[in-house]
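Me: I have a structure open and would like to go through it piece by piece. Can you help me read it?
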Amino acid sequence: MDKEFLISYLKKRNYWWETKNIAPSDRGTQRQDYIDRIQESDKLERIICLSGIRRSGKTTILYQYIDLLLKTKKPEDIVYAKIDDLIGKIDSVHDILNTYHELTGIDPSRESTYFLLDEIHIMKEWQLQLKYYIDAHAKCRFIISGSSKTLLYLDASESLAGRIRFLDVFPLTFREFLEFNNIDPSGMLPQKPALESFEDIEKAYHSIIAHKQSIMHFLSKYFDTGGYPEWFKIRDMEQWYRTIVEDYFALILFRDIVSVFKVKDPILLEKMVRDIAAVSTNRFTYKGLSERLDIDRETLKLYLYYLQSSMMVFVADVFAPSKKAAEKRAKKLYFWEEGLRRALTLDRDDGKAAENIAAWHLIKRGHESKPFFEPYYWKNKHQVDFVYDDSKKVIPIEIKYREHPTNADLKGLIEFMDMEDLDIGIVVTKDSFRKGELGGCRVLFIPIWLFLMLI
């Protein structure tokens, strides 16, 4: 351990020990939903782990929680460290706590202290080190973050079972994007209506319609930029695309995947990511994709697992009676972040963007209501783009980014609703809002600018 470096680092990083507050540049725009969820989990006395793709805003959320803690705790009781900065300088988390004890005279084992440890997944055996303090009934609390969701789950599954609460952090939703542009969606829409209630959605539509032009302007911008919060510091498209390809893409690919999983062929992995970005929202089979990329099937599956772990892509299974039945069918690929996808491909297909963005908003909603939520699509003779299933309800959702979808566009939706005996389906449109009935099934047509605000 480089003790001199660590002492200097802790003093510099934890500047609120002196200033008593968080700098506005670190606090950023409030993401209140995450702060509320951390507070709720904090009451359960668990380790709290924020997991999400790199640059999705995890560090800013940690600073925002420090800002909240400063209202009730002494500044010296709150410690932040970014593990990336300390690799090669410390041997374990114990070094941070022991050096902090020596530096401040505060014993984290005996006094109520908070340690916020950013990007902890790159520290070997971090879970065993935190378990030590839990087993010793130490008074200190841990809030951690990491960019490799699956790796965090695997590491914690045995040692910290029942002692850790995971919170997924996503890039900015469209509602948050509006908030970052000084538009308050909660003022227009105090409560999110249930997706299956047309009456409630109709009320929401009429309460928002006066702001429609402004919302649609920012939706177009959201399609182009994506949801990374740093856009609001740069605000130049050419520089932004260069930044997210040269900085974000490289960091995610090489630090969170190649380095963590010891990938043998990083060039092949990069080629695979770029190809997925180009075919996002398409169906695929392992056989077809392996032939397209000239890669053997087992390596393809392994690399897809790595990409899903880093939350760069997600894969939707077909909605089927059993996992075994779904495994044999074609899957659907999505690229998590639309701004990065456009920067990599220069593809400005708004129809593809609409489906990509609607899908990950639905996945975020699903994760909030059901642990280990799984996305689905459906395919028989016709297709349904997304099947939302959170155990309470199943809602088929078709994304048709045009003004007036035809009955021919909705054959898959009606077929699926008949087969599953469902009473409602949703069509996400470009700007059409109405309720219809097809083949005895209720269908809600909701413009995407409203749909994204509802979920």
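**Rings, sheet and helices**

Reply: This is a predicted model. A cluster is formed in it by Trp 17, Tyr 100, Phe 115, Tyr 132, Tyr 133 and Phe 142, which are linked by ring pairs.

Me: How many aromatic pairs does the structure hold?
Reply: The structure holds 35 aromatic pairs. One of them joins Tyr 228 and Tyr 248: the ring centres are 4.6 Å apart and the planes stand at 90°, so the pair is edge-to-face.

Me: Where do Tyr 228 and Tyr 248 lie?
Reply: Tyr 228 is in the loop between helix 13 (212-225) and helix 14 (231-234), while Tyr 248 belongs to helix 15 (residues 237-261). The pair therefore ties together parts that are 20 residues apart in sequence.

Me: Is Tyr 228 buried or exposed? And Tyr 248, buried or exposed?
Reply: Tyr 228 is buried, at a relative accessible area of 0%. Tyr 248 is buried too, at 1%.

Me: Which charged ends sit over rings?
Reply: Lys 89 has its charged end over the ring of Phe 5, 4.8 Å from the ring centre. The charged end of Arg 434 is over the ring of Phe 445, and there the distance to the centre is 3.8 Å.

Me: How many bridges join strand 3 to strand 4?
Reply: There are 4 bridges between strand 3 (residues 114-118) and strand 4 (residues 141-146), and the two run parallel. Tyr 114 stands opposite Arg 141 in strand 4.

Me: What about helix 1, which residues are buried?
Reply: In helix 1 (residues 3-13), the buried residues include Leu 6, Tyr 9 and Leu 10. They span an arc of only 95° around the axis, so they are on the same side of helix 1.

Me: Why would residues three or four places apart point the same way?
Reply: Because an α-helix has 3.6 residues a turn.

Me: What is on the other side of helix 1?
Reply: Glu 4, Lys 11 and Lys 12 are exposed there. The buried residues of helix 1 are covered by parts including helix 2 (16-19), strand 2, helix 6 (83-86) and helix 7 (93-104).

Me: Next, where is Leu 307, and what is it in contact with?
Reply: Leu 307 is in helix 18 (residues 297-309) and is buried, with 0% relative accessible area. Leaving aside neighbours within four places in sequence, the contacts of Leu 307 include Ile 257, Leu 269, Met 272 and Val 313. Met 272 is 35 residues away along the chain, and its C-alpha atom is 9.8 Å from that of Leu 307.

Me: Last one. Which residue has a positive phi of about 65°?
Reply: Asn 182 does, although it is not a glycine. Asn 182 lies in the loop between helix 10 (174-180) and helix 11 (185-188). At 73% relative accessibility, over the 50% cut-off, Asn 182 counts as exposed.

Terms used: Residues are numbered from 1 along each chain as its sequence is written. This is a predicted model: local features need pLDDT of at least 70, side-chain atom pairs count only at pLDDT 80 or more; totals for chains, interfaces and linings use all residues. Side-chain values use heavy atoms; hydrogens and water are left out. Two strands pair if DSSP finds at least two bridges between them. Buried means under 20% relative accessible area, exposed over 50%, partly exposed in between (1.4 Å probe, protein chains only). The arc is that of the directions from the helix axis to the C-beta atoms. Contact means heavy atoms within 4.5 Å. Rings of Phe, Tyr and Trp (its six-membered ring) pair if their centres lie within 6.5 Å; planes under 30 degrees apart count as stacked, over 60 as edge-to-face and the rest as tilted. A charge sits over a ring if NZ of Lys or CZ of Arg is within 6 Å of the ring centre and within 35 degrees of the ring normal.
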